[in-house]
Amino acid sequence: MDELDRGILAYLAQDARLSVAVLARRLKVARSTVQARLERLETSGAIAGYTLRLGDSARESRIRATCLLTIEPRSQAGILTRLRNLPEVERIHTTSGRVDILLQLAAGSTSQLDDVLDQIGGLTGVRSSESLIHLSTKLDRAT
């Protein structure tokens, strides 16, 4: 990956809707060069897809939480399978340290969040869970 590839990724990280023509103009290269680079970045997996990021007004109706799980040894595969089937689970991260799995959850209400936390805590192999409700986002650099 060279400077041009990093430039393409930087612009698309800010606005994935930028056209090839606009990218070419901003990077001062030919449109065909940008198109070829995009295809290569997609094929190599550097670009996994293009998505929509919701703004604050669309996210306000969702209650978000982080759930920290400590699990029994050798139970990770089964737990991950069951977690993937819960629509409120947006992200699953394995971690190092005092917890084994970190979940990002989103629910439509506190009662829905409470229900999903009960389901997660009741999964076979889950030793303990701790949940943290997100109050406001002060910085979001995720793309």
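Into which domains is the protein chain divided? The chain is divided into domain 1 (3–44) and domain 2 (56–133), with bounds that come from an automatic or database domain assignment, and the C-alpha centres of domain 1 and domain 2 lie 36 Å apart. This is a predicted model, in which local features need pLDDT of at least 70 and side-chain atom pairs count only at pLDDT 80 or more, while totals for chains, interfaces and linings use all residues. Residues are numbered from 1 along each chain as its sequence is written, and side-chain values use heavy atoms, with hydrogens and water left out.

**Helices α1 and α3**

- Two packed helices are described by the angle between their axes and the distance between the axes.
- The axes of α1 and α3 come within 11 Å and cross at roughly 85°, where axes are lines fitted to C-alpha atoms, for helices over the stretch in contact, and angles run from 0 to 180 degrees between N-to-C directions.
- The contact (heavy atoms within 4.5 Å) is made by Leu4, Asp5, Ile8, Leu9 and Leu12 of α1 together with Thr33, Val34, Arg37, Leu38, Arg40 and Leu41 of α3.
- Sorted by class, the contact of α1 with α3 has seven nonpolar, one polar and three charged residues; Ala, Val, Leu, Ile, Met, Phe, Trp, Tyr, Cys and Pro count as nonpolar, Asp, Glu, Lys and Arg as charged, and the others, Gly among them, as polar.

**Helix α2**

- Helices (H or I, at least four residues) and strands (E, at least two) are DSSP runs, numbered from the N terminus.
- In helix α2 (residues 20–27), Val20, Val22, Leu23 and Ala24 are buried, where buried means under 20% relative accessible area, exposed over 50%, and partly exposed in between (1.4 Å probe, protein chains only).
- The cover over the buried residues of α2 includes α1 (3–14) and α3 (31–44).
- Just after α2, Lys28 takes a positive phi of about 60°.

**Salt bridges**

- The count comes to seven salt bridges, each being a side-chain nitrogen of Lys or Arg within 4 Å of a carboxyl oxygen of Asp or Glu.
- Asp5 forms a salt bridge with Arg40, and their closest N and O atoms are 3.0 Å apart.
- Asp5 lies in helix α1 and Arg40 in helix α3, so this pair ties together parts that are 35 residues apart in sequence.
- Asp5 is buried, with a relative accessible area of 1%, whereas Arg40 counts as partly exposed at 42% relative accessibility.
- Asp2, Asp5, Arg37 and Arg40 are linked in a network of salt bridges.
- Within helix α1, Arg6 and Glu3 lie three residues apart, about one turn of the helix, and their side chains meet in a salt bridge (3.3 Å, N to O).

**The loop between β2 and β3**

- Val99 is placed in the loop between β2 (89–94) and β3 (101–107), and Val99 counts as buried because its relative accessibility is 10%.
- Leaving aside neighbours within four places in sequence, Val99 is in contact with Leu68, Leu69 and Thr70.
- The C-alpha atoms of Val99 and Thr70 are separated by 4.9 Å, although these residues are 29 residues apart along the chain.
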